[in-house]
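Hi,

Here is the structure you asked about. Have a look first, then read on for what turned up.

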Amino acid sequence: MAEEKQGYGTNPPQEQPNESLPRSYNQLLGTNNPTKTSWPELVGVTAEEAEKKIKEEMAGVEIRVVLPNYGVTCDYKTQRVRLYVDESKKVIETPMIG
């Protein structure tokens, strides 16, 4: 009976992983993801200029121009950036990935 109690209530030693946990969004998703997730400097420029700049910095991005009073879906896509514009097609909110 003494032998049964010897290991009771103890956990076997855990193996430590060789690599550490990701510490940032980009580490989690991998190296093919952008380092930038928003473009506040593009507020006030035209949608065309903003699209060109974002595409220079993020290959394969899908740009969606959102006109005033238009609805959007609530899904999140890592390769999409929405450009919220006013009637004159100038960006009015910070473009962000999503």
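Glu57 is partly exposed, at 34% relative accessibility. Please keep in mind that this is a predicted model.

Glu57 forms a salt bridge with Lys53; the closest N and O atoms are 3.1 Å apart. The two residues sit four apart in helix 3 (residues 47-57), so about one helical turn separates them. Lys53 is also partly exposed, at 31%. Both belong to a salt-bridge network that links Lys36, Glu41, Lys53 and Glu57.

The overall layout: the protein chain has three helices and three strands. Their order along the sequence is α-α-α-β-β-β. Of the 98 residues, 20% are buried. The accessible surface is about 7900 Å², and carbon and sulfur atoms account for 51% of it.

The salt-bridge count is seven. Glu62 and Arg64 form one of them, with the closest N and O atoms 2.7 Å apart. Glu62 is partly exposed at 27%. Arg64 is partly exposed too, at 45%.

Arg82 deserves a look. Its place is in strand 2 (residues 80-84). Is Arg82 buried or exposed? Arg82 is buried, because its relative accessible area is 12% and the cut-off for buried is under 20%. Its side chain meets that of Asp75 in a salt bridge (3.9 Å, N to O). Asp75 is partly exposed, at 36%. The Arg82 side chain also makes a polar contact with the Thr73 side chain, at 3.2 Å. Beyond its neighbours within four places in sequence, Arg82 is in contact with residues including Arg64, Val66, Pro95 and Met96.

Best wishes

How values were computed:
Residues are numbered from 1 along each chain as its sequence is written. This is a predicted model: local features need pLDDT of at least 70, side-chain atom pairs count only at pLDDT 80 or more; totals for chains, interfaces and linings use all residues. Side-chain values use heavy atoms; hydrogens and water are left out. Buried means under 20% relative accessible area, exposed over 50%, partly exposed in between (1.4 Å probe, protein chains only). Accessible areas come from the Shrake-Rupley method with a 1.4 Å probe; for residues, only the protein chains shown count as cover. A polar contact is a pair of N or O atoms within 3.5 Å; within protein, one must be able to donate a hydrogen and the other to accept it, and residues adjacent in sequence count only if both atoms are side-chain atoms. Contact means heavy atoms within 4.5 Å. A salt bridge is a side-chain nitrogen of Lys or Arg within 4 Å of a carboxyl oxygen of Asp or Glu.
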